[in-house]
Amino acid sequence: MDKGIEHLVSARKSLRASLEKSKALGVSLEKAGPRLEEINQRLPSMEVAIRPIRAETDALDAVGGHINRAVVPAAAVLKVFDAIHGLEKSLSDPQSNLPGYLSVLKRLVEALGFLGENCGMAIQWLADIVEYLEDNKVADSRFISSLKKALNNLRELESGEEKGHLDGGLLEVALDRLENEFRRLLTEFSVPLPLPSPAMAGEQPSIAPSPLPVPVIQKLQVILGRLVVYERLEKCISIYVEVRSSNVRASLQALNLDYLEISVSEFNNAASIEGYIAQWGKHLEFAMKHLFEAEYKLCNDVFERMGSDVCKNCFPKIAAQAGILAFLQFGKTVTESKKDPIKLLKLLDIFASLNNLRLDFNRLFGGAACAEIQNMTRDLIKRVIGGACEIFWELSVQVKLQRQTPPPSDCGIPRVVTFITSYCNELLGDQYKPILTQVLVIERSWKQEKFQERILITELLNLVKDIELNLDAWSKGYEDTVSSYVFSMNNHWHLFKYLKGTKLGNLLGDPWLSEHEQYKDYYSAMFLRESWGRLPALLSREGLILFSGGRATARNLVKQRLKAFNEAFDEMYLKQSSFVIMDKDLRDKMCQAVIQTIVPVYRSYMQNYGPLVEQDQSASKYAKYTAQSLEKMLNNLFVPKPVKQGSFKMRQPSGKFNLVDPTSPTVPKSA
């Protein structure tokens, strides 16, 4: 019994011990699981590591030399690549040290050249060693596959578009910064040219100095020399044109050129258009002599090493963008405006300005790249010459057409007379005669006709003859002869006085002038005789001999005669109050002549016979005036009202221009 229990106890202990060992073994197995997994994962690499041991002895002996031959050039390439990226800090800003920047850029280019030449060879040598490892089974297949994939990537980079980015884009960034420095130098040192002082306005404009300092030009040339290698010349030209044209525009803006944008309709209504054209000539000369001349020279200096074609293509773009086309367009607008004799003078002003700048235009804009400017200039000159000649040849026709119009109601001088006489003198003056002659010569040459030297003189003299015929026709257009006499006196005196001593008067000659002076004297005498000269006879003394018993009869005669005089005087004064005598000297002379015709006779009459009616209750009815009041009234005769002076207004029916309101009076310029 006891032994059985002992056996049970012993068995229990044995089982318990076995359980403890099983638990310990389970814990040990659990801990060993990750280690076994790690060993399992390391087995392939261990297999690869020991594979060479399994390779043939000859292959293992030769692999070292193959690897060294491939690794040496590859290592050199990597070393250069590292050196390239070491240059990045030195290529951060060309402004502080442009020569140093360009020197580093040169080293970068040389390094990239080395990479470009040696990368392919290094890749090929690496491919050879990979092929050797694969053929001799020195390396694992997965390792060989990984190497092949890396080599393929290198070949694609080396042979494709990315070949130029072996530096990671550093060269492009460096060149962009060089472009920015090119722009900065231009922008910082491009300053609008100051306007000439008023004191120098009358002097001949001098050629402007270079608008950029010489050191800046030299830097621009160096930058261009480097950028042109990388096909960035067009970009540099674009930057240059943008900056310099903007600078020229800024210089021109100070001239207040808003008038260049005026439309044809605005032009026709503008009161100050003559001033605009005068400004246009001065501003165009300033732009050509000072601005575009300087830009042309600067363009040649900056792009000197790029060849003459570069400058010839660059400068026209600057001129066009800066505003030369706006100047030419303004001239075209003038030619398209309504026809007017004054427009002829303005067209001649435009031609003179263009002709004075002809050599400058030919030199600055003579290249093929300036085709647009050349075409606009030629078109403008053609329009100016054609328009000026059309107006000039049409003047005589227009003057003749005025004969059909009624004469001026105030018996004054028609505007066509004062205008044409003054106008002809202007055309004969030193300012316009040579220009008009040149214009007529060009027009005749276009028509293949020979220009006659006296054609201009002859045409102007014909205008004066037409004026004379008009005056004769107008003088016959009045219903009463007195008005005709005043009209003729006014106009003949104007032709004599305001042409004497002038260029036109000298051409007409002294006999012609004297003839008109004599006509003036004749018509003034006829005017006095047929008008005021009739009044003194109304104050007759016949039948007024005072005798005893005849006083009442005398009083009645005096009343009748004073009444007749007053009525005739009032009627004549009222009618002639609308008459004008334009010339002050002639007006004063005629007033005195009228006074001397009337006042002395009236004064004497009233002294002798006035007392007969002065005591009468109706004395004021007959003794209406005193000698002093008559003199005062007569001194106020013939005074012209202020009128606006101007040219003819013109219209264009059926393609011709006509003069509107040509007979309205105007004050001569020299009155």
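Is Arg-403 buried, partly exposed or exposed? Keep that in mind while we walk through this predicted model. Arg-403 has a relative accessible area of 30%, so Arg-403 is partly exposed. Buried would need a value under 20%, and exposed one over 50%.

Now look at who Arg-403 pairs up with. Arg-403 makes a salt bridge with Asp-466, and their closest N and O atoms are 3.4 Å apart. This pair ties together distant parts of the chain: Arg-403 is in the loop between α14 (371-401) and α15 (415-428), Asp-466 is in helix α17 (residues 455-475), and 63 residues separate them.

Asp-360 has a relative accessible area of 7%, so Asp-360 counts as buried. Arg-363, on the other hand, comes in at 39% relative accessibility and is therefore partly exposed.

Next, find Lys-447 and Glu-443. These two form a salt bridge as well, and the gap between their closest N and O atoms is 3.2 Å. With a relative accessible area of 8%, Glu-443 is buried. Salt bridges can also share partners, and that is how Glu-172, Asp-176, Glu-179, Arg-232 and Lys-235 end up joined into one network. How many salt bridges turn up when the whole structure is searched? The search finds 29.

Let's finish with a residue that has other kinds of contacts to show you. Ser-190 is in the loop between α5 (170-189) and α6 (214-227). Its relative accessibility is 13%, so Ser-190 counts as buried. What does the side chain of Ser-190 meet there? A polar atom of that side chain lies 2.4 Å from the backbone oxygen of Leu-186. The side chain of Ser-190 is also joined to the side chain of Arg-244 by a polar contact of 2.6 Å. If you leave out residues up to four places away in sequence, Ser-190 touches Leu-212, Val-243, Arg-244 and Asn-247.

Notes: Residues are numbered from 1 along each chain as its sequence is written. This is a predicted model: local features need pLDDT of at least 70, side-chain atom pairs count only at pLDDT 80 or more; totals for chains, interfaces and linings use all residues. Side-chain values use heavy atoms; hydrogens and water are left out. Helices (H or I, at least four residues) and strands (E, at least two) are DSSP runs, numbered from the N terminus. Buried means under 20% relative accessible area, exposed over 50%, partly exposed in between (1.4 Å probe, protein chains only). A polar contact is a pair of N or O atoms within 3.5 Å; within protein, one must be able to donate a hydrogen and the other to accept it, and residues adjacent in sequence count only if both atoms are side-chain atoms. Contact means heavy atoms within 4.5 Å. A salt bridge is a side-chain nitrogen of Lys or Arg within 4 Å of a carboxyl oxygen of Asp or Glu.
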